[in-house]
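Colleague: Could you walk me through how the helices in this one sit against each other? I'd like to start with the packing.

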Amino acid sequence: MIPRTVAVVGGGTIASSLTLALARHGVRVRLVPASPAGAGAGADADAGTGTGAPDRPADLAVLAVPPSRVATVLADCRRLGVAEAYTDTTGVDATAERDAADGHATDSADATDSDYLAGHPLTDFAGPDASAGLFGGRPWVLAPTPATSRETLNRVLGLTALCGAVPVVMDHASHGAAMARTAHAPRLLAALLAARFHPPQPHLLRLTEPDLRGLLRPADLDPELWGDLLRGNAAAVAAVLREVSADLDVLLAALEGVDSPDAAHREQSGKQLAHLLEQGRDGCAAVAAHHDGRAGGVR
């Protein structure tokens with residue numbers, strides 16, 4: 001089902017880009033503050049957008065709010081009847097978040113959650129500029145639970161189609177594990193490396209190369225937002241970092257061993273060092289091959 005009315009709750013680049021992407025397809029978009037309970041009903045604008053809480057439920061509401069606020073904002077929107085179905089942009093399991101806040105767990109198949117599907121558009125934006133094409137050709141993770149209705153899933157699939165995204169359906173655990181490996185842990189490792197240059201040391205900065213800036217760029221993040229994201233996926237991120245920590249132990253031993261007076265130890269350490277470097281090269285090649293293929297139309 002292609003939604004014809006969508007409420008975008010929250011603000012920022014994702015919310016603005018969603019509004020632009022949907023409006024160009026003639027979808028009537030309603031902009032709702034992140035605290036919808038305090039919003040008044042606004043009139044639709046000529047361009048097909050309006051502000052405030054809607055006077056009738058939208059086909060779908062997209063919660064473009066920080067992870068820690070998804071459950072609360074979802075509850076507010078449901079109470080106000082903002083939409084007939086809901087999704088978010090962080091992939092948070094709002095049911096689990098709600099249960100944690102309430103101090104109890106509910107049946108995962110509770111029919112009251114049939115109108116919600118966690119979603120996570122993966123974008124390449126690196127700034128505040130909104131774009132209708134932000135989601136084009138990019139994965140959009142959908143993480144339904146047993147309670148999610150087919151109608152809700154179809155509405156969110158319709159949203160991804162309007163945005164030109166590629167829907168990827170997976171469960172919450174798989175999504176968390178994937179994000180830990182592809183986004184969260186790499187940014188933390190970049191942050192640790194970037195911290196070696198603070199406080200600034202001019203004699204070191206003069207020797208830095210463009211490749212280093214690219215390596216450290218993932219560390220340029222909003223600590224509050226990323227602290228929120230990491231708290232919601234801490235166990236999965238820790239598991240990846242333990243793997244890296246084990247490799248670091250091997251690497252440290254190899255670096256210490258290549259200078260050993262014992263020839264056999266030097267040889268073994270050299271092989272371990274070479275093996276780690278080869279693994280890194282192969283992983284880099286795998287990522288590059290995937291993206292080169294996608295750019296060429298293979299995907």
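Modeller: Before the packing itself, a word on terms: axes here are lines fitted to C-alpha atoms, for helices over the stretch in contact, and angles run from 0 to 180 degrees between N-to-C directions. Please also keep in mind that this is a predicted model.

Colleague: Fine. At what angle do α1 and α4 pack, and how far apart are their axes?

Modeller: Helix α1, residues 13–23, packs on helix α4, residues 150–163, at an angle of about 85°, and the axes are 9 Å apart. Because angles of 65 to 115 degrees count as roughly perpendicular, α1 is described as roughly perpendicular to α4.

Colleague: Which residues make that contact?

Modeller: On the α1 side they are L18, A21 and L22, and on the α4 side L159, L162 and C163.

Colleague: Switching to α5, how far apart are its end C-alpha atoms?

Modeller: They are 31 Å apart, which agrees with the 33 Å that the 23 residues of α5, 172–194, should span at 1.5 Å a residue.

Colleague: Is A180 buried or exposed?

Modeller: A180 is buried, and the other buried residues of α5 include H172, H175, M179 and H184. The elements covering the buried residues of α5 include the strands β6 and β7 and the helices α7, α8 and α9.

Colleague: And what does D171 do at the start of α5?

Modeller: A side-chain oxygen of D171 comes within 3.1 Å of the backbone nitrogen of A173 there.

Colleague: Last one: how many helices and strands does the chain have?

Modeller: The chain has ten helices and eight strands, and 36% of its 299 residues count as buried.

Key. Residues are numbered from 1 along each chain as its sequence is written. This is a predicted model: local features need pLDDT of at least 70, side-chain atom pairs count only at pLDDT 80 or more; totals for chains, interfaces and linings use all residues. Side-chain values use heavy atoms; hydrogens and water are left out. Helices (H or I, at least four residues) and strands (E, at least two) are DSSP runs, numbered from the N terminus. The expected span of a helix is 1.5 Å times one less than its number of residues. Buried means under 20% relative accessible area, exposed over 50%, partly exposed in between (1.4 Å probe, protein chains only). Contact means heavy atoms within 4.5 Å. A polar contact is a pair of N or O atoms within 3.5 Å; within protein, one must be able to donate a hydrogen and the other to accept it, and residues adjacent in sequence count only if both atoms are side-chain atoms. Angles under 35 degrees count as roughly parallel, over 145 as roughly antiparallel, 65 to 115 as roughly perpendicular and the rest as oblique.
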